[in-house]
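The following report describes one chain of a structure, beginning with a single element and moving out to the overall fold.

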Amino acid sequence: MGLGFDNSMQGRPRPRFLSLYRIHLPITGLLSISHRISGVLFYLSLPLWLWLWQHSLRDAEGYAQVQEYLAAWPLRLLLALLSWWLLHHLLAGLRILLLDMDIGVGLRQARASATALMWLSPCVLLLLLGVYL
Amino acid sequence: MNQHLSGLPAWLVQRLSAVYLALFVLLALLWWWLARPNDYAAWHALFASLPVSIAVGMFVLALLLHAWVGMRNILLDYLGYRPGLRLAMLSLLGASLLAMGVWALRILTGVWTGVLA
């Protein structure tokens, strides 16, 4: 089947544990779930990017209008957050590409790189807020 | 049917598209920093140039493939074994990505034809 169905799983209950208050993730798990969340948020924001892109290219008036929207603080804040999610996703992704190439695979190195990224990410956010706001 | 975009092919597509997306974003940031267009004519001329529209078109395609694999992985992980719901959500995901792909294509071609209502 093309959609990833697996009949061998039929009828067998899959283990699930989604109690957010009782989940204590290791730092690598925290990076992993934030990688997923930032990806989903960026996917959800795609129509906004497309809409802004389209209107900025329509005519000089649309271009000026988009610049006006981008200058208003609610959209500025949103764009700072979106850029943060994108950069967080990108950096976490580069780490995974390195892991794929057997670089930093050991538990200690993997923890260290995950910790570094989780610290670097808020710094990126502060930098972006400084640029946008 | 073969395993379309699942298993190893999906993993490979996710990685290859990731490399292109990362290179594109980093180069775009560098370009934005060094030589950003500051009026409508320059902005429009940018996307009217063939190399840029090819690079952006490939970016959109890579983004759609990347989003498909990533969102599909997440849906399969969290939906559990509910074939009907899974089919519905994956269809919705595919349709939304296709719609955005057509939208992006219209923007890129609209720059040439001048029709961007």
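## Helix 3 and chain B

Helix 3 of chain B (residues 50-79) contains 30 residues and reaches 42 Å from its first C-alpha to its last, close to the expected 44 Å at 1.5 Å a residue; the expected span is 1.5 Å times one less than the number of residues. The model is predicted: local features need pLDDT of at least 70, side-chain atom pairs count only at pLDDT 80 or more, and totals for chains, interfaces and linings use all residues. Residues are numbered from 1 along each chain as its sequence is written, while chains are lettered from A and ligands numbered from 1 in the order in which they are written. Helices (H or I, at least four residues) and strands (E, at least two) are DSSP runs, numbered from the N terminus.

Among the buried residues of helix 3 of chain B are B:Leu63, B:His66, B:Trp68 and B:Arg72; buried denotes 20 or more other C-beta atoms within 10 Å of a residue's own, with C-beta atoms placed from the backbone. The cover over the buried residues of helix 3 of chain B includes the helices tabulated here.

| Covering helix | Chain | Residues |
|---|---|---|
| Helix 1 | A | 27-58 |
| Helix 1 | B | 7-35 |
| Helix 4 | B | 83-113 |

Just after helix 3 of chain B, B:Gly80 has a positive phi of about 70°.

Chain B has four helices and zero strands, in the order α-α-α-α along the sequence. Its C-alpha atoms fill a box of roughly 55 × 30 × 25 Å along the principal axes. Of the 117 residues of chain B, 15% count as buried.

Notes
A residue is buried if 20 or more other C-beta atoms lie within 10 Å of its own, exposed if 12 or fewer, and partly exposed in between; C-beta atoms are placed from the backbone. Two residues are in contact if their C-beta atoms, placed from the backbone, lie within 7 Å.
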